[in-house]
Amino acid sequence: MTTDQTPPDAGAKPLRADARRNRARLLEVAEAVFTERGTGASTEEIAREAKVGIATVFRHFATKEALLEAVLVRRLQRLADEGQRLMAEPGPAYALFAFFDLVLDQSPVKNAFAAALADAGVDVRAATSEAGRALREVLAALLDGAQQAGVVRRDLEVPELTAILVGTCRMLEHLDGHPEAAKRARAVVRDGLGACAGSPGEQGRPHS
C-alpha cells in the first residue's frame, strides 16, 4: 500500500476521491520542496507550489511535522515498492546491489528528514515502523535470492547487512564532494559482500 492511498488517520472516514488527489498532490509537492530547499521550507511555500490555500494543507496535515512525517513514510514505502519490483528482474546479484545503491543514493535526504523530525520530538522509529518492516522484508528476500544464487556470502544475515548499509551511508557522507573516492568505497563494500569474501568454511563450498 502506498502513502497516497492511506488516510491521514486510520480511525477517520475514508477520504473522497478529490480529497485523496489533493492529499497526494500535497505530498508530491512537499517532497519536492523539502528535498530542494531543505526541511526549513515552510508550509506556506508548499501551499503556494501546490496552488492551494494554507487551510487545505492543514486540513490534511495538522502540523508541518505531520506533513514531513507523511513525506518520509511515502519515500520509504516507495523504496520498498522498488525493491519488490527488483525481485522480478533477472539476476539476483543485480537486484540486491541495485537496491543497495538505491538506499545509499536516497540516504542523505532520508536522514535529513528523519533528523528534522527527531529535533521536533517525533519518534521516527515508531512513525516509520510499518514502512521499515516492509523494507526489512524486501532486503531479506533480496539477500536470500543472492545467497541462493551463490553470489553473496552465506554467513551474512539481515541485521548485519542493515548495519553495513547504515555504515556505508555514513561513510559516503564523510566522502561528500569526493565522487571518485566514494565510488571506490562503494566497490570495496560490494566486494566484501561477495561470496568469495566469505569465511574460510564458506570458500569453495558448493552452492545448492
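Axes here are lines fitted to C-alpha atoms, for helices over the stretch in contact, with angles running from 0 to 180 degrees between N-to-C directions. I worked on a predicted model, in which local features need pLDDT of at least 70, side-chain atom pairs count only at pLDDT 80 or more, and totals for chains, interfaces and linings use all residues. Residues are numbered from 1 along each chain as its sequence is written, and side-chain values use heavy atoms, with hydrogens and water left out.

**Helix pair.** I looked up α4 and helix α5 (residues 92-119): their axes come within 10 Å and cross at roughly 175°. α4 is therefore roughly antiparallel to α5 (over 145 degrees). By class, I found 17 nonpolar, 2 polar and 5 charged residues in this contact.

**A66.** I placed A66 in helix α4 (residues 64-87). A66 counts as partly exposed because its relative accessibility is 29% (buried is under 20%, exposed over 50%, partly exposed in between, with a 1.4 Å probe and protein chains only). From A66 to A127 I noted 9.9 Å, C-alpha to C-alpha, across 61 residues of sequence.

**Helix α1.** I checked the span of α1 (residues 17-37): its 21 residues reach 30 Å from first C-alpha to last, close to the 30 Å expected at 1.5 Å a residue. Its buried residues, among them L26, L27 and F34, pack against α2, α3, α4 and α5. G38 follows α1 with a positive phi, near 95°.

**K51.** I found K51 in the loop between α2 (43-50) and α3 (54-60). Its phi is positive, near 60°, in a residue other than glycine. Most residues other than glycine have a negative phi. K51 counts as exposed because its relative accessibility is 72%.

Note on methods. Helix = DSSP H or I, 4+ residues; strand = E, 2+ residues; numbered from the N terminus. Parallel < 35°, antiparallel > 145°, perpendicular 65-115°, else oblique. Nonpolar A, V, L, I, M, F, W, Y, C, P; charged D, E, K, R; others polar. Expected span 1.5 Å × (residues − 1). Contact = heavy atoms within 4.5 Å.
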